[in-house]
Amino acid sequence: SLVIMFVAGLNELKQRNLLVLEQCLARHINLLHLMFESQNEVLTTSMLGNETVVRTVEIDLDNSPHDAYVLGYCISLSRCQWKLELSRLDDEHMEMMKRAIASWGSGEGKIIDIRISFSRLTSDGIGHLLSLPHNTLSDLHMLTLGGNELDSKSCEVLAHCLSSLPHLERLSLRGNEIGCDGAHLLSQSLHTNTTLRVLNVTRNNIGDRGGCSLAKALSINKGLVRLDLFDNPLGEKSIQQLIHSLQLNHTLQVMWLPFEHQKLSENCAGHNQAE
């Protein structure tokens, strides 16, 4: 396996490189290349790049948490910026990545964009992700967590950590199950947050109470320019409060409501743009 070869040592890996390429899946090859580049200080700056270089990695982690450890190891030794597109990982993967970055962190590698989709993250996994060493996430701009297993407890973790992510502009929780309580917790953080520009809670069963909480937040928040509420069971009460909140909010430009209320959202967006 990749882990056994990794433990065997880099020199042996290099000698067996052709054998590795024949027997490993594409994601393993990508990780091996990152490992080679991270092992040497010169390569770390020239191939992985310095702080101005953005490195994009797209990996299907499947059922191998140790791959996540190797990825965290590479990030921890680098000096560049990382965009991660990860799929099919769970809480154990995130714990392994956190462990690697905490153990090996000697560089200045920063994650600026992380997209985790079609996965099984819960509140524990979100906790591991957001408790990465502060320097690693200090420049995070986008966090996409669509199609996971996030609930209201996950939103509690997110709401608590938003203030420690000073550059986060886009947060997507599309296709989870945060419910009314999760929407309420996120809404409370929006009362003071000034950096978040886009929030997507499409298909999260936030209900009428969750919609009312977000409406109250909109009447106070001065940062959001887009709010996606599509495919949620909002009632007339929350719809009316959302519309009313736009009389106080002049920064929101786009608000996607459930299908039956889309015309209202288009009219409201036009009103705010005119303002």
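This is a predicted model: local features need pLDDT of at least 70, side-chain atom pairs count only at pLDDT 80 or more; totals for chains, interfaces and linings use all residues.
Local features are given where pLDDT is at least 70, side-chain atom pairs count only at pLDDT 80 or more, and totals for chains, interfaces and linings use all residues. Residues are numbered from 1 along each chain as its sequence is written, and side-chain values use heavy atoms, with hydrogens and water left out.

**View 1. The largest nonpolar core, seen around L143**. This core holds 64 residues, and L143 and L229 have the most contacts inside it. A nonpolar core here is a set of buried Ala, Val, Leu, Ile, Met, Phe, Trp, Tyr and Cys residues joined through side-chain atoms within 4.5 Å; buried means under 20% relative accessible area, exposed over 50%, and partly exposed in between (1.4 Å probe, protein chains only). Which residues touch L143, leaving aside neighbours within four places in sequence? They are I114, L129, L130, L158, L168, R170, L171 and S172, where contact means heavy atoms within 4.5 Å. In soluble globular proteins, nonpolar side chains tend to be buried together.

**View 2. Cysteines without disulfides**. A disulfide is a pair of cysteine sulfur atoms within 2.5 Å, and by this rule the count is zero. For C74, the nearest cysteine sulfur belongs to C80, 10.0 Å away. C74 is buried, with a relative accessible area of 0%. The sulfur of C212 is 9.3 Å from its closest cysteine sulfur, in C180, which is too far for a bond. C212 is buried too, at 13% relative accessible area.

**View 3. N176 in its loop**. Look for N176 between β5 (170–172) and α11 (179–190); helices (H or I, at least four residues) and strands (E, at least two) are DSSP runs, numbered from the N terminus. N176 is buried, with a relative accessible area of 4%. A polar atom of the N176 side chain lies 3.0 Å from the backbone nitrogen of N148, and the backbone oxygen of L173 lies 2.8 Å from a polar atom of that side chain. Beyond neighbours within four places in sequence, N176 is in contact with residues including L145, G146, G147, R203 and N204.

**View 4. Helices α10 and α11, packed together**. The axes of α10 (residues 152–161) and α11 are 8 Å apart, at an angle of about 10°. Axes are lines fitted to C-alpha atoms, for helices over the stretch in contact, and angles run from 0 to 180 degrees between N-to-C directions. The two helices are therefore roughly parallel to each other, as angles under 35 degrees count as roughly parallel, over 145 as roughly antiparallel, 65 to 115 as roughly perpendicular and the rest as oblique. S152, C155, E156, L158 and A159 of α10 make the contact with D181, G182, L185, L186 and S189 of α11.

Technical notes
A polar contact is a pair of N or O atoms within 3.5 Å; within protein, one must be able to donate a hydrogen and the other to accept it, and residues adjacent in sequence count only if both atoms are side-chain atoms.
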